[in-house]
Amino acid sequence: MEYVLTTDALGKDYGKNHILKEVTLQIPTGSIFGLVGKNGAGKTTFIRVISGLQAPSSGSYTLSGVKNTDPKIIKVRRRMGALVERPAFYKNLSAYDNLKLQYINLGLPSFDSIDELLKLVGLQDTGKKHAGKFSLGMKQRLGIAIAMCGDPDILILDEPINGLDPQGIIEMRELLLKINQEKKTTLLISSHILDELGKLATHYAFIDNGRILQTLSAEELARKTRKSARIVVSDTQGMCRVLDDLGFKFEVASDGSIDVYEDINVSKLVLAADKEGIEISKILENDETLEAYFMNLLGGEASR
Amino acid sequence: MIGQIKNSFVRLLSNKLIIALLIASLIIPVFKMLGLYTEYHYFLLQGYDPFQYSSKEDPRDMYQILTFMLAVFAYLFISEDKFEGGFRNKITCGVKRSTIYLSELLVTAFFAELYTACFVFSWLITFKISGRFGTSLFYNIPFKSYILFFMWSFALAALFTLVNVYFSNRMFAILLSLVMLTAFNNIGSFIEGRLNVPYKEKVVSEATGEEYWRENPDYISGKPRKILIHIAERTPGKGLSGKTTDNVIKVHTQTTVFLFIFSGGVGLISFRRKDLI
């Protein structure tokens with residue numbers, strides 16, 4: 001697998017406070033990578049460090065194959081767009097002029113593609129209206145458009161849906177999916193709004209207290225958070241035969257307990273088990289969301 | 001670098017406050033003349049000789065107003081980039097920090113000189129068109145003195161850039177600029193006051209009640225005196241208020257160039273290491 005960004009034991013200290021502790025991540029090219037963590041977990045600091053706003057205190061990172069200590073990193077950054085914390089733009093300029101300034105920053109010779117970029121983020125009709133007078137959603141989209149200038153390989157977005165209304169959240173989700181699918185841009189999105197991230201991300205990293213707790217793909221996470229019912233039985237082998245006969249998908253969790261990955265009709269299941277002389281003592285439903293999974297992960301970490 | 005300077009000009013020309021400051025630098029001398037003209041007529045109506053009683057205006061005093069405007073300009077220009085995310089957009093897309101700092105410094109210096117030129121031009125025109133009235137109520141300073149204005153605007157631009165880029169608190173940056181400016185404008189007079197303390201003072205003896213002379217304990221002598229004289233000669237207040245000799249021009253050229261290079265260098269190094277939010 002190809003990685004656009006990798007970090008190796010990345011650390012950041014503010015005085016005596018260790019904000020990032022040996023963060024090691026690999027972000028696959030073309031993925032939508034969700035960085036999940038509560039407020040103050042270290043997400044923004046991580047993004048500030050990899051986007052060059054702050055220097056790491058320890059460790060290193062590699063962007064498109066170039067290490068952060070290599071002077072060539074400056075050139076590679078031209079292939080990266082970032083929206084850190086809040087959209088950065090000049091309030092007294094129009095959306096077009098803000099993009100024009102970013103084109104100048106990037107040294108792009110022509111402004112021809114600005115209109116296309118404005119269309120992509122749905123700001124093509126804003127004309128000469130000053131960006132300071134935009135709604136929150138429009139400001140957020142302008143921030144993304146600025147980060148998208150020069151067609152970057154990786155787009156880093158820190159809490160892009162913060163403060164948006166439900167309509168704005170849907171629009172933002174559609175925009176990000178469009179950018180990822182049409183432009184083939186890798187997205188690194190940090191968020192504490194997990195349900196929304198769950199609708200986008202192809203990979204996840206869970207961060208807490210400056211440390212990465214776990215990284216996994218969306219498929220792995222789906223397996224772990226799959227809706228299931230755990231049944232506790234007197235005869236595991238016999239129950240497996242019953243479940244096979246009923247055509248259920250299941251896995252033996254341990255001797256005496258089986259996870260069933262289907263909606264089950266309890267009376268039908270109990271009657272079938274009773275026919276075989278098997279006693280069902282408990283049925284526990286497991287419908288873990290991304291949020292619940294994260295909270296469990298945090299709980300596990302806290303108890304360590 | 002050229003791209004960054006171009007970037008600054010595009011946004012500066014759209015900032016109404018900055019344009020307003022530019023217009024203010026042009027109309028301050030005109031307003032001052034109108035003020036003096038009103039005063040002149042007031043004395044005339046009261047039956048006094050207006051040329052005897054009216055205050056006389058010195059452009060060197062008014063230059064202090066311009067330096068405050070320069071502090072406000074640097075604050076508006078740099079804080080817009082710093083707090084609205086301009087620095088973030090530049091750094092994340094690979095613009096070198098040294099390029100960013102140097103372009104901020106050069107643009108601030110350019111505008112400081114432009115404001116000064118507008119002010120001097122407006123002053124000279126006002127002086128010229130006001131005829132006899134102008135020559136009686138305005139000090140006609142030698143042209144050399146105006147060179148000092150340009151020199152100090154250049155040095156102050158570098159100091160204001162350093163303060164506004166370095167300090168993360170908006171209010172602190174502008175307050176520090178203004179405090180620094182007040183100190184710069186007044187430190188020369190303060191030092192001069194200390195240096196003018198007489199070597200001997202007359203005191204009355206408590207025992208006999210007789211007056212006698214003794215060495216003044218407040219008199220500054222030796223190396224400290226030399227250092228204070230050295231500093232005082234290099235302050236804008238002292239340079240602008242005294243006679244503009246060739247030596248004054250030389251000393252102030254050295255001082256302002258030193259300040260520009262020193263604060264520019266410190267700013268450049270500290271900005272390269274600074275953690276941005």
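Predicted model: local features only at pLDDT ≥ 70, side-chain atom pairs only at ≥ 80, totals over all residues.
Trainee: In the largest nonpolar core, which residues touch the most other members?

Mentor: That core has 122 residues, and within it Ala145(A) and Leu70(B) touch the most other members. The element that gives the most to this core is helix H8 of chain B, residues 143–166, with 14 residues. Another core lies apart from it and has 10 residues, including Ile231(A), Val233(A), Leu243(A) and Val260(A).

Trainee: How should I read a pair of helices, and where do I begin with H4(B) and H9(B)?

Mentor: The general idea is that two packed helices are described by the angle between their axes and the distance between the axes. For helix H4 of chain B, residues 59–83, and helix H9 of chain B, residues 170–195, the axes come within 10 Å and cross at roughly 155°. An angle over 145 degrees counts as roughly antiparallel, and H4(B) and H9(B) are therefore roughly antiparallel to each other. As for handedness, H4(B) passes H9(B) in a right-handed crossing.

Trainee: Which residues of H4(B) and of H9(B) make the contact?

Mentor: From H4(B) come Gln64(B), Thr67(B), Phe68(B), Ala71(B), Ala74(B), Tyr75(B), Ser79(B) and Phe83(B), while H9(B) brings Arg170(B), Ala173(B), Ile174(B), Ser177(B), Leu178(B), Leu181(B) and Asn185(B). Sorted by class, the contact of H4(B) with H9(B) has nine nonpolar, five polar and one charged residues.

Trainee: How many residues does the contact take from chain A and from chain B?

Mentor: As a general matter, the size of an interface is often given as the accessible area lost when the parts come together. Here we have residue counts, and the contact takes 24 residues from chain A and 22 residues from chain B. On the side of chain B that touches chain A, the elements giving two or more residues are H1 and helix H5 (86–92) of chain B, and the largest share, six residues, comes from H5(B). By class, the residues on this side of chain B divide into five nonpolar, nine polar and eight charged.

Trainee: Which value does phi of Ser64(A) take, and where does this residue lie?

Mentor: Phi of Ser64(A) is near 45°, a positive value in a residue other than glycine. Ser64(A) lies in the loop between strand E4 (58–63) and strand E5 (66–67) of chain A. A residue is buried if 20 or more other C-beta atoms lie within 10 Å of its own, and exposed if 12 or fewer do; Ser64(A) has 19 such atoms within 10 Å, and so is partly exposed. Asn209(A) is placed in the loop between strand E9 (203–208) and strand E10 (211–217) of chain A, and counts as partly exposed, with 17 C-beta neighbours inside 10 Å.

Trainee: How many helices and strands does the secondary structure of each chain come to?

Mentor: Chain A comes to 11 helices and 14 strands, whereas chain B comes to 12 helices and two strands. Buried residues make up 41% of the 304 residues in chain A, and 34% of the 277 residues of chain B count as buried. Along its principal axes the C-alpha trace of chain A spans about 80 × 45 × 30 Å, and the C-alpha atoms of chain B fill a box of roughly 80 × 55 × 35 Å.

Definitions and conventions. Residues numbered from 1 in each chain as written. Chains lettered and ligands numbered in written order. Core = buried A, V, L, I, M, F, W, Y, C linked by C-beta atoms within 7 Å. Helix = DSSP H or I, 4+ residues; strand = E, 2+ residues; numbered from the N terminus. Contact = placed C-beta atoms within 7 Å. Nonpolar A, V, L, I, M, F, W, Y, C, P; charged D, E, K, R; others polar. Axes fitted to C-alpha atoms, helices over the stretch in contact; angles between N-to-C directions. Parallel < 35°, antiparallel > 145°, perpendicular 65-115°, else oblique. Left-handed = near helix turned anticlockwise from the far one by under 90°.
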